[in-house]
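Me: I'd like to learn how to read a protein model. Could you walk me through one, feature by feature?

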Amino acid sequence: MNETVLSVLIFAALALAAIGAVKRIGLWRQGRGDATSMSVGELIASLAKVPRRYGVDLHHVVARDRYMANTHVATGGGFVAAALLMVVVYGFGIDSAWLGVLLLLASGAMFAGALFVRRRRLDPPARLSRGPWMRLPKSLLVFSASLFVMSLSLVLPEGVGGMISGGILGLVLVAGIAWGLLEMIVGMTGGGSRITGPMKHAFAGALHLAFHRRPGRFSTRDSAGIRDSALLPLDLSNPEAPLGVGKPADFNWRQLLGFDACVQCGRCEAVCPAFAAGQPLNPKKLIQDMVVGMAGGSDAAYAGSPYPGDEPKRAPGQHGGGPQQAIVGISPHARPAGQAASSGPIQIKAAPGAAGKPADADKLIHEFTVLVEPETLWACTTCRACVEECPMMIEHVDAIVDMRRHMTLEQGATPGKGVEVLDNLIATDNPGGFALEARLHWAADLDLPRIAEVQAAREAARDPRPVEALLWLGDGAFDMRNQRTLRAFVQVLRAARVDFAILGAEERDSGDVARRLGDEATFQSLATRNIATLSKYRFARIITCDPHSFHVLGREYVAFGGDYLVNHHTSYMNELLAAGRLSLDATRLATLGSVTWHDPCYLGRYNGEFEAPRTLLAALGLEVREMQRAGFRSRCCGGGGGAPVTDIPGKQRIPDMRMGDVRETGAEVVAVGCPQCTAMLEGVVAPAGEAEPQVLDLAELMARALVLEASTQGLAASTTQPTDAEVAA
C-alpha cells in the first residue's frame, strides 16, 4: 500500500516538475532569440555536452573550495543516482536486491553529504544567502534518511522488509520522501508557479551549461577552453534591435537562463572590489534582481547581503520590476527629459482572476521606482573577478555592460566625467581631448620609426619584409608617468635589435573605455577606422604596454575583421629573453629590495597571462613575495571599466585596498604592467608613519638591468630613464 502511494507521489512530482519546467522555460523565452533557430540535432548535441562541461570545466571552479566540492559530489551525485533508481524501483515497480543495494549506497552518500551541508549552514559565511537555503539541509537529510530506511525493505528478508515499508513507519517514510520530492524535484522549477526552491539552480544550471552564450569557455576532447572574454558586439545596422538592455526582456534568452542558474553562493560577492570598497554593487544581488525582473515582482524575498550603503532605498523590498518594465528607469544623469526615453514608475499588479470571475489585473499591489539603481551598474570595474569565481559560469560583466549601453546610447546617462571622455573620443579620437600628434611629444629625442615611412622605404628598395613589431603606444602616451614606461620599453626593444615601428599620429584610441562605458557606437567607429589604418601596413605582430589595448586589439577587433597577433610587453620581453636577444645584470637591481607582482585584470583574468611577468622577475634575480590575492584571484586596482571617470563613491578606495595587499607582503616594490594600474597605485597615500612601496613597470626594471653591447649603447643612450632623484627634482 505505502509503496503504491510512493509510486503515485513520484509520478505526481515528476508531472508537476515538468509543468513547472515548461513555464520556467517560458520565462527565459521572453528574452531575445538567437539570429538563427536551433535544429533538433543541435539541441540534442548541446544537451550531450553537459556531462563533460560539468565534470571538467565547471567542477574545477567548484573544486577551489574543496569542502564544498566534495560535499556537492556526495550530495548532488547521490541525489541524481537515488532519484533515477527510485523511479525505476518504486515508480515502475522493478523489485531487485541489486537495485536495492545501489539505492542504499546512493541515498547513504547523499545523507553523508547532507550532514556536511548542515554543518556549513550552522554558521554560514556572510556571503551565503539565508532564507529558504537554511531549510535545504533539513530537506536533504529527511529525504535521504527516509529513502535509505525505505530501501532496506528491498535487501532485508521479506518479513522484516514488510515491517519497514508497511504500516505507520512506512507512512512516515513516505511523508519524508514526499517532503524531499517537493523540495528537490518540484522546487527545481516551481511546480507550475513562478516560485521556486533552492534547487532551482540544478535545473537551470544544467541547461545553462548546454546553452551557454559563450561556448568558447568550455574545453573539448581535443583542446582546452579559452578565456572567451571579449564583449559581444551590438548590431548597430538593425534599426529594430534595442541598443543595449533597458528591460529584462531585452536580454538574450541564454542570459536569462544564466541568471536563473545562480546558486547564491556569494563567491562573486566575496571577490568583488566594488563591494569590498562599500560601493553600491553586489554582483550576487544584481543577478537576483535580474531574476526578479524576469519573473515579475519585488526583491523582498532576497535573503543575502544587500548592496552596500546606508541608504534605506538599498534595503530588500524597495525595488521591483517585470520583464517589460524598465530596469533603471530614468537615470539622474540622463539628458533632459524631452530628449530621453519616457519611463514611469514600475507597477506590480495582481494576476488576472480565474475564468468567470472578475479580473483584478488592474489592482495595484506596489509601485517601485526602479529594479536596480543606476549607481550599481556604474560601480563595476569590469575586472571579471565575479565571472572567474562563479561556479555556474554566469557572465555578470556582459549583463552590466549591456545595461550600460542602454543608459549611454538611449538616455545619454553616463555619470561623472564619462560624458566628457566620450565627447573627447568622438571629437579627437582619444579620451583626453589631445591632438593626435601630441601622442609623440615625449619621444621627440628618440627618432621613433613611423611604419608608413619604413614601409615606403622598403617598397622603394623592393624589400618585402614586414616590420617585426608594431608598437601600439596607447593613450598612456599622453601621461607623463607612463611616458617613462614607454621610454624604458623602447630601450629594451633597441637593446634586443627589434625591427619595430609606430603608427604615430595615425594611432587612435583602441576604444576600450568607450565600450566599457556603454558607447558601442563610438567603439565600433574607432575599431573600424583603426582596422582600416592597420590594413595599410605589413607587420608580424602588435606589441603594447597597455593590457586594455592588448585585449581589445587581440580579442575584440576580430569581430570587425581585425585579426592580429598581439603581445603584451611582458610576454614579448620574456620571448626576447628566452631567445637570447637580451642580456641582464641582476646586480643592478640589488638595492631595490623585494618585489611583489600585481596582476592586471585585462592581462590575467581576461587573457590568462600569469607566468611571463613572473618569469621576468625571476630572471632579474629579485625576491618575489606574492600577495594573498594574486593570479586569477588578483584584486583589481580600480582603474578599469571607466570607474575612474564615473567615480561612484564608497567607504574606501579600491586602489587603497590593493596597496594594503602590497604592504602585507612587506615588499619594497610593486611591479606592474599596466598604465591604469600605475596611475591608480601611485595615487595612494601611505598611512602616517609607513613607507609607500615604489611602483615600477616591468619595462623599467628590465631597462635598469640591461647589459648593452657597444653597438647599441648609442641607440639606448637617449632612452635612458631618469633616476628617482631626478624625477623628484
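Predicted model: local features only at pLDDT ≥ 70, side-chain atom pairs only at ≥ 80, totals over all residues.

Me: Is Ile-44 buried or exposed?

Reply: For this we look at relative accessibility, and a residue counts as exposed when the value is over 50%. Ile-44 has 53%, so Ile-44 is exposed.

Me: Now for Leu-603. Where does Leu-603 lie?

Reply: Look in the loop that links strand E9 (595-597) to helix H24 (611-619).

Me: And is Leu-603 buried or exposed?

Reply: The cut-off for buried is under 20%. Leu-603 has a relative accessible area of 1%, so Leu-603 is buried.

Me: Which residues is Leu-603 in contact with, leaving aside neighbours within four places in sequence?

Reply: Among them are Pro-547, Phe-550, His-568, Thr-570 and Trp-597. Take Phe-550: 53 residues separate Phe-550 from Leu-603 in sequence, while their C-alpha atoms are 7.9 Å apart in space.

Me: What is the mean pLDDT of the chain?

Reply: The mean is 88, and 90% of the residues reach 70 or more. In residues 337-351, though, pLDDT is below 50, and that stretch has 43 contacts in the model beyond near neighbours in sequence. Residues 723-729 are also below 50, with five such contacts.

Notes. Residues numbered from 1 in each chain as written. Heavy atoms only, no water. pLDDT = per-residue confidence, 0-100. Contact = heavy atoms within 4.5 Å. Helix = DSSP H or I, 4+ residues; strand = E, 2+ residues; numbered from the N terminus. Buried < 20%, exposed > 50% of the residue type's maximum accessible area, 1.4 Å probe, protein only.
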